[in-house]
Amino acid sequence: MTSIIRRNQSLKTIFRNPKDPFFNPIYKIPYRVLNQKPFSTHSSKFPEYEMPTVTWGVVQGRKEKLVSRVIISDYLKTIGIIPHELEELELPSAVEVMRERVEFLQKIGLTVDDMNEYPLMLGCSVRKNIIPVLTYLEKIGLQRSKLGEFIKIYPQCLHTSVVVELVPVIKFLRGLDVEKQDIGYVLMKYPELLGFKLEGTMSTSVAYLVSIGVNPRDVGPMVTQYPYFLGMRVGTMIKPLVDYLVSLGLPKKMLARMLEKRAYLLGYDLEETVKPNVNCLLSFGLRKDTLPSVIAQFPQILGLPLKAKLSSQQYFFNLKLKIDPDGFARVIEKMPQIVSLHQHVIMKPVEFLVGRGFSTADVAKMIVKCPQLVALQVGLMKNSYYFFKSDMGRPMEELLDFPDYFTYSLESRIKPRYQRLQNKEIRCSLGWFLNCSDQRFEERLYGDYIEPESSGPSFCMGGKLELPGNEIVSEEEDDSEDETLYRRTVSL
């Protein structure tokens, strides 16, 4: 108690002692208080941006606040901003403060129309809100020239706290293996990420994808490619789509591999796009047990305007190539990419084959057997054809029986293998020495007999991969076979 009394007496002495050289007799305040500099509006933390000369204004009474609000509203109206949404918002007391906010936002690329789209941005302090947010966004990879565009898309970020809200989201993205140099790109594609809660949708969507077999190391590239899935609810969007595709016969392992490479598949609307497209494929004659193979080869088929494309291509195949609807369905089953192939591209290989003496009916049969013919480069087909006629000297009927010949590389497969057959004086069909792996070719080459030809692997809906001549693969081999089938279909 004694110490408090002494402290109060010393303070009274300072304020009442006229002999004190630091005492101002007019304001009854020590000079040392008057001489203190006000808080500077220039911060060393953000040297890139010019700080406002006025940060808020002065303390006002109720009447003064009403007058200031009217003045600021009149100013905003004069420059074309409608201030109605600002009625419940606390505004600065000085119109100069509001003018500097408007001018600052215009400097980074925003227009009056942009401010009218989200007037609440005018309630953000330049010093306390806007500059810290912009500085951090630029630090994590957004280009300064694109900051205005970013704010147009997601102006709500101006209300966020850098430390409490923005930094944790960026750390979360880095924890998913999103590359540091890709953070800016991801945010420009999906700025709303900055408003998500870490323990909410983002975490659950990632956890679910990992649970169905997605490699955790591939989540980062998936986010870079298609960050929107982080905002999708598992129960209403992701899981129903996955369950439906699995019900068609796609194994989860294969589906996980597809999503790793094409995360945008998660954005296809199940009821509006995916189911109608699957029904469309069935209506055009595709067999249900071929749907998993079709989707695995060309996942984009689930999101295309499929009915129009299939109708156009079916009419073209029937008119120009003389392939009936049933043959067209078999073509789509083997090569679904044809639905997006331009018709003038299709005609070039067809015209080449017709020019070499094949009838239109023969060309149609060849395309149904091997639809990949319509996507080949004519120059490569010419080289393979001339080697077939001049060096191999085989009849044209062999190409009709095995049109796949044109799909193999002349230099790396056809020539070397044919030369080895010649050295051993082996006479066989085209498919026998071309349609097999290098290891199987060696076994065939040094075998004591010529084994009969067999078809490639077949995929049965809801079952396991069946290899010709073998029993159904075991449970232990199931995973690896799924991956093998996926690689094979993608390579096609």
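Let me begin with a term: a residue is called buried when its relative accessible area is under 20%, exposed when it is over 50%, and partly exposed in between, with a 1.4 Å probe and protein chains only. What we have here is a predicted model, in which local features need pLDDT of at least 70 and side-chain atom pairs count only at pLDDT 80 or more, while totals for chains, interfaces and linings use all residues. Residues are numbered from 1 along each chain as its sequence is written, and side-chain values use heavy atoms, with hydrogens and water left out.

Helix 8 covers residues 162-175, and its 14 residues reach 18 Å from the first C-alpha to the last, close to the 20 Å expected, the expected span being 1.5 Å times one less than the number of residues. Which residues of helix 8 are buried? They are Val162, Leu166, Val169, Ile170, Phe172 and Leu173, and the buried residues of this helix pack against helix 6 (126-139), helix 9 (183-189), helix 10 (198-211) and helix 11 (219-225), where contact means heavy atoms within 4.5 Å. After helix 8 comes Asp177, with a positive phi near 75°.

Now to the charged pairs. A salt bridge here is a side-chain nitrogen of Lys or Arg within 4 Å of a carboxyl oxygen of Asp or Glu, and a search of the whole structure finds 14 of them. In one, the side chains of Lys152 and Asp114 meet at 3.7 Å, N to O; this pair links distant parts of the chain, since Lys152 sits in helix 7 (residues 147-153) and Asp114 in helix 5 (residues 112-117), 38 residues apart. Lys152 is partly exposed, at a relative accessible area of 43%, whereas Asp114 is buried, at 18%.

Another salt bridge stays within a single helix: Lys239 and Asp243 meet at 2.8 Å, N to O, and because they are four residues apart in helix 12 (residues 234-247), about one helical turn separates them. Lys239, at 36% relative accessibility, is partly exposed, and Asp243, at 34%, is partly exposed too.

Arg420 forms a salt bridge with Glu442, with the closest N and O atoms 2.3 Å apart. Arg420 lies in helix 22 (residues 410-424) and Glu442 in helix 24 (residues 438-445), so this pair ties together parts that are 22 residues apart in sequence. Salt bridges that share partners also join Arg287, Asp326, Arg330 and Glu333 into one network.

Finally, two helix pairs, with axes fitted as lines to C-alpha atoms over the stretch in contact and angles running from 0 to 180 degrees between N-to-C directions. The axes of helix 18 (residues 343-355) and helix 19 (residues 360-369) come within 10 Å and cross at roughly 130°. That makes the two helices oblique, given that angles under 35 degrees count as roughly parallel, over 145 as roughly antiparallel, 65 to 115 as roughly perpendicular and the rest as oblique. Here Val350, Leu353 and Val354 of helix 18 meet Val363, Met366 and Ile367 of helix 19.

How do helix 14 and helix 16 lie, and what angle do their axes make? The axes of helix 14 (residues 270-283) and helix 16 (residues 306-320) come within 9 Å and cross at roughly 20°, and the two helices are therefore roughly parallel to each other. Their contact is made by Asn277, Cys280 and Leu281 of helix 14 and by Leu306, Lys307 and Leu310 of helix 16.
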